[in-house]
Amino acid sequence: MQARGKDRSNPVLNILRLIIAGSAAGVLAAAVALPAVGGAGMSTKSAVEGLNLKPENLDEPPLPERTELLDANGKKIAWFYFENRQSVPLDKVAPIMRTALISIEDFRFYQHGPIDVEGTARALMKNFTSGGVTQGGSSITQQYVKQVLVNKAETPEEYQAAIAPTISRKLTELRYAMAIEKKYTKDQILEKYLNIAYFGAGAHGIQAAAKRFFDKPASELDLAEAATLAGAVQNPARTDPNVDSDSRKRLLERRNVVLDRMAQIGKITPKDAAEAKKEKLGYKDVKMSGGCESSKFPYFCLYVQYEILNNEDFGKNQDERRKLLQRGGMKIKTTIDPKMQAAAEKAIKKYVSTKDKPVASQAMIVPGTGEIKAMAASRKFGGSKKKNEMSYNIVADAAHGGGRGFQQGSTAKVYTLAAALEEGMKYSDGFPSPSGYKAGSYSSFKNCEGKNVGDPSHTVRNSSEGGGGFKTLQTGTWGSVNTFFVKLSQEVGLCKVVKMAKRLGVKRADGQKLSEVETFTLGVNEVDPVTIANSYAVFAARGKYCKPLAITEITDRNGATKQYKPKCSQALDEEVADAVNGILEGVFTKGTMSGVGGIGRDAAGKTGTTDNYMSAWFAGYTPNLASAVSLGDPRGTSAHKLIGIRIGGTYYPYVYGSSISGRIWKDSMLSALKGVEPRHFTSVDKSRFGGCTDNCAPKPKKKRDDRRGDRGPLDIFDPGNRDWPGDGDRAPWEGRGGDGRPGGWRDRG
């Protein structure tokens with residue numbers, strides 16, 4: 001604010017005072033655009049009348065407000081912003097702050113109209129002698145108008161027009177200011193100005209500035225702090241304390257100018273000013289954390305961010321949705337459970353180090369609702385390669401900021417199991433499962449387009465733990481016998497297995513179509529933990545599929561709230577799901593997790609170790625919670641296998657699904673479910689699934705025409721193939737390409 005002079009002898013200044021005083025007649029600031037008095041033969045009256053200075057309504061879009069992300073308990077976990085701003089009502093701003101700002105910017109704010117006559121007159125004198133607009137004299141109302149126009153600017157041209165030092169721009173501001181003064185009270189205008197003003201250091205609005213500069217809300221500012229912020233608004237770029245020591249020195253000097261001005265006009269005593277001027281600047285430099293990188297739960301935060309960006313309910317395109325997220329001032333309540341998140345993080349940290357190249361990641365989901373309760377990974381999220389940080393959402397798919405995922409391995413066998421049970425097979429139904437198995441003719445497997453897939457010359461092999469012999473749905477699953485599941489997939493029909501997986505929500509992490517090849521059941525497709533945990537949750541929920549849910553409620557800036565409910569459908573017959581649960585429970589007691597053990601309550605699951613130990617999984621669930629854990633090297637699993645490797649300080653000759661992933665799952669589930677009342681699986685309908693009919697001896701079996709045509713007995717035992725070293729959930733052969741043959745088994749990264 002310019003100092004007000006007392007000189008009444010200057011005739012030009014007196015004329016200008018008279019002109020400006022005619023505000024009631026709509027000639028409020030006509031002199032801004034007048035040429036030097038007496039110039040060009042134009043009279044003052046005619047010039048003023050030609051300006052047509054009438055109030056003009058100003059479009060005031062909502063200020064960009066940061067959006068807050070809340071956990072399931074309503075506690076803030078992250079926020080997004082275009083401008084760091086949190087608007088507050090005037091009564092939440094310390095009175096001394098209001099006094100300091102008015103004292104230095106517009107000390108007669110409550111007495112004058114849209115402009116201050118004295119200040120504007122003096123500014124006009126300077127502008128006339130310089131031939132342009134070189135000095136302000138703007139009232140707080142005019143400054144608010146300018147800030148609105150700056151915030152509205154969408155293009156560089158609009159921004160330049162909003163700040164251009166031209167007479168036409170000043171006239172436009174005056175017309176808007178006249179309307180603003182009629183529309184709002186002085187207190188309302190002051191509140192709006194305090195919330196829109198920029199104070200430097202990235203702080204927009206008084207609340208953000210108070211927290212950024214002094215680590216306190218605007219309601220608690222003292223005299224020295226208030227004077228500092230009041231001084232910063234004049235030229236925040238010049239006094240930005242984050243720039244350098246010179247900028248801080250200028251800000252300190254500006255603070256003292258404000259204190260002197262407050263004392264001069266009697267708002268504080270000279271003693272108060274002197275005492276406040278003795279204080280140091282006191283700038284706290286509080287970091288303005290924002291976005292997912294600074295969140296406690298960065299991977300889940302990314303998931304929520306992409307849920308908004310991908311949803312047409314929040315805008316026509318991603319640009320509109322991003323603006324809403326960064327400027328909309330929403331409060332987004334989410335499903336994340338801090339207790340379960342901490343359980344996942346602690347378990348992962350126990351087995352895998354942040355410095356390890358392989359990454360463990362885990363997702364936890366509630367069966368029957370799809371609510372995501374935890375998303376964790378062994379590496380921190382960020383862009384620093386030096387710190388071994390992850391730059392993408394490794395827990396989720398590409399649609400939620402993730403990557404290509406890892407091959408699923410034998411955790412995919414459950415979809416074949418479910419399809420077989422749905423087709424009417426019983427627990428004890430089975431067939432010989434040799435150590436090596438050839439699929440037979442080229443037409444043995446057909447994808448869902450009816451095309452032949454697979455390589456009849458290719459031999460699928462078992463591991464030593466899942467060796468040959470007669471296997472049933474139970475024993476074949478517990479031992480994770482590869483040849484059994486390839487034959488079972490052939491028996492049921494590849495397309496039915498693929499469709500079962502899709503019904504349970506399985507999709508590739510990269511968004512491409514599922515690879516429908518003969519080794520589909522062995523997990524050739526790259527997937528992510530959220531997808532797999534959610535597919536297993538269907539069994540826990542007795543066949544009910546629910547879309548993964550991250551957002552439960554959104555409150556907009558006006559207080560309107562919208563609830564988001566689970567989107568569910570019955571994907572699988574309840575009794576079939578019960579039957580799957582009954583078999584998968586045995587994985588902990590009789591199968592590949594028997595060395596790790598269960599969790600002391602009803603639980604079911606499946607290990608998964610891919611070809612050549614390229615990745616390792618465990619997916620499992622209770623009726624209360626489902627979870628999936630993956631482990632792999634994001635640099636490329638073909639080149640960086642889990643063989644002869646040290647992870648979490650422990651050396652592993654080979655990493656199986658139960659070695660690390662299974663143990664992470666167990667520890668995290670024990671902790672996550674502590675205090676949660678156990679629920680039980682529904683008993684299996686033994687009359688429907690209890691066993692085979694005769695004595696369960698292996699018999700040649702001719703398939704129905706609608707499933708595989710009139711082929712001979714399903715008995716392709718090859719005694720010449722020897723067992724392969726490894727564990728029971730591993731497919732030990734090397735894949736060969738990407739043409740629909742078993743090459744889908746080889747990692748593509």
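Guide: The crossing of H9 and H10 is right-handed; a crossing is called right-handed if the near helix is turned clockwise from the far one by less than a right angle, and left-handed if anticlockwise. On the H9 side the contact is made by Ile206, Ala209, Ala210, Phe213 and Phe214, and on the H10 side by Glu225, Thr228 and Leu229. Contact means heavy atoms within 4.5 Å. By class, six of these residues are nonpolar, one is polar and one is charged. For the classes, Ala, Val, Leu, Ile, Met, Phe, Trp, Tyr, Cys and Pro count as nonpolar, Asp, Glu, Lys and Arg as charged, and the others, Gly among them, as polar.

A word on what you are viewing: this is a predicted model, in which local features need pLDDT of at least 70, side-chain atom pairs count only at pLDDT 80 or more, and totals for chains, interfaces and linings use all residues. Residues are numbered from 1 along each chain as its sequence is written, and side-chain values use heavy atoms, with hydrogens and water left out.

Phe213 and Phe214 are touched by Lys284, as are Arg212 and Asp215, not counting residues up to four places away in sequence. Lys284 sits in the loop between helix H12 (270–277) and helix H13 (298–309). Along the chain Lys284 and Asp215 are 69 residues apart, yet their C-alpha atoms are separated by 6.5 Å. Lys284 has 54% relative accessibility, so it counts as exposed. Exposed means over 50% relative accessible area, buried under 20%, and partly exposed in between (1.4 Å probe, protein chains only).

For contrast, let us visit a buried loop residue. Asn393 lies in the loop between strand S7 (372–377) and strand S8 (406–407), and it counts as buried because its relative accessibility is 0%. Beyond its neighbours within four places in sequence, Asn393 is in contact with residues including Tyr299, Leu302, Met375 and His400. Asp397 belongs to the loop between S7 and S8 as well, and at 6% relative accessibility it counts as buried. Its side chain makes a polar contact with the side chain of His400 (2.7 Å). A polar contact is a pair of N or O atoms within 3.5 Å; within protein, one must be able to donate a hydrogen and the other to accept it, and residues adjacent in sequence count only if both atoms are side-chain atoms.

Our last stop is helix H16 (residues 413–422), where nine of the ten residues are buried, so this helix is largely enclosed by the rest of the structure. Among the buried ones are Lys413, Tyr415 and Leu421. After H16 comes Gly424, with a positive phi near 110°.

Stepping back, the protein chain has 24 helices and 24 strands. Helices (H or I, at least four residues) and strands (E, at least two) are DSSP runs, numbered from the N terminus. Of its 749 residues, 56% count as buried.
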